[in-house]
Amino acid sequence: MKRNRFNVAIILLLCGCLTLSSCIGSFGLSHKLLDWNKSVSGNKWVNEVVFFCFLIIPAYEVCALADVLVVNSIEFWKGTNPVYGTKYIDGEKSKYVINSHENGYTITDEATNETVELVFDQTDDSWSAVVNGECKKFLTFVDDNHVNVYGANGEAINVELSKSGVMAFEELVKSQMELAMK
């Protein structure tokens, strides 16, 4: 009897390996829950308490199971993860389609079919724009209160993340644009 159970277990394991191979997926639902958990509060201890509560509930386990059984399979067969959404925005001259993905956003102009991709790089906490295959970094987080914004010449401008800091940066950009137009 033990031998039969062992054989059944081996057969089930092999079937699982064959049906689930190469379908790891991005675990988008689990990542979204974890990202939300990280942003619940600026206090790391509050985030930790929420994390443990979600383990007990079991929110993380349910998300991981849903990713494994449903979401990652859809991603494998369709090529897109349904967790990352699509939004449509009406602009003055065109409509834009915004697709969110694991590392950022792809913005497509419906009239011209031109795309801009905004990509977040976790290694240096920066955002870059990819246009026509060319990647330009435009913002890097320095700390909780400052970012570096990069000008057309690549020069970094340190901006304080406050109303006065953003207003000062806005004035600087306006004055630079006025000089460039003269």
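## Sheet, hairpins, core and pocket in a predicted model

Asn132 lies in the loop that links β5 and β6. The structure described here is a predicted model. Although Asn132 is not a glycine, its phi is positive, at about 50 degrees. With a relative accessibility of 79%, Asn132 counts as exposed, because exposed residues are those over 50%. The hairpin that β5 and β6 form has 2 residues between the strands.

In the hairpin of β4 and β5, 4 residues stand between the strands.

Strands of a sheet pair through backbone hydrogen bonds, in either a parallel or an antiparallel arrangement. Here β5 (residues 126–131) pairs with β4 (residues 115–121) over 6 bridges, in the antiparallel sense. Strand β6 (residues 134–143) is joined to β5 by 6 bridges, and these two strands run antiparallel. The table lists residue pairs from these two pairings.

| Residue | Residue across from it | Strand of the second residue |
|---|---|---|
| Val116 | Val131 | β5 |
| Glu117 | Val130 | β5 |
| Ala129 | Lys136 | β6 |

In soluble globular proteins, nonpolar side chains tend to be buried together. The largest nonpolar core in this model consists of 6 residues: Leu33, Val50, Phe54, Ala59, Tyr60 and Cys63. Two helices, α3 (44–56) and α4 (59–78), each supply at least two residues of this core. The largest share, 3 residues, comes from α4.

Phe54 is one of the core residues. Leaving aside residues up to four places away in sequence, Phe54 touches Leu33, Trp36, Ala59, Tyr60 and Glu61. Among these contacts, Leu33, Ala59 and Tyr60 are also members of the core.

**The largest pocket**

Rolling a probe the size of a water molecule over the atoms shows where empty space is left. The volume of the largest pocket is about 900 Å³. Its lining is made up of 22 residues, and those that lie nearest the centre are His31, Asp35, Glu102, Phe120 and Gln122. Elements that give two or more residues to this lining are α2 (28–38), β1, β2 (95–101) and β3 (104–109). The most is given by α2, which provides 6 residues.

Note on methods. Residues are numbered from 1 along each chain as its sequence is written. This is a predicted model: local features need pLDDT of at least 70, side-chain atom pairs count only at pLDDT 80 or more; totals for chains, interfaces and linings use all residues. Side-chain values use heavy atoms; hydrogens and water are left out. A nonpolar core is a set of buried Ala, Val, Leu, Ile, Met, Phe, Trp, Tyr and Cys residues joined through side-chain atoms within 4.5 Å. Buried means under 20% relative accessible area, exposed over 50%, partly exposed in between (1.4 Å probe, protein chains only). Contact means heavy atoms within 4.5 Å. Two strands pair if DSSP finds at least two bridges between them. On a 1 Å grid over the protein atoms alone, a cavity is a set of points where a 1.4 Å probe fits but cannot get out, and a pocket is an open set with protein on both sides within 12 Å along at least five of seven lines; lining residues have an atom within 4 Å of a point. Grid points are joined across faces, edges and corners, and a volume is the space filled by probe spheres set on the points.
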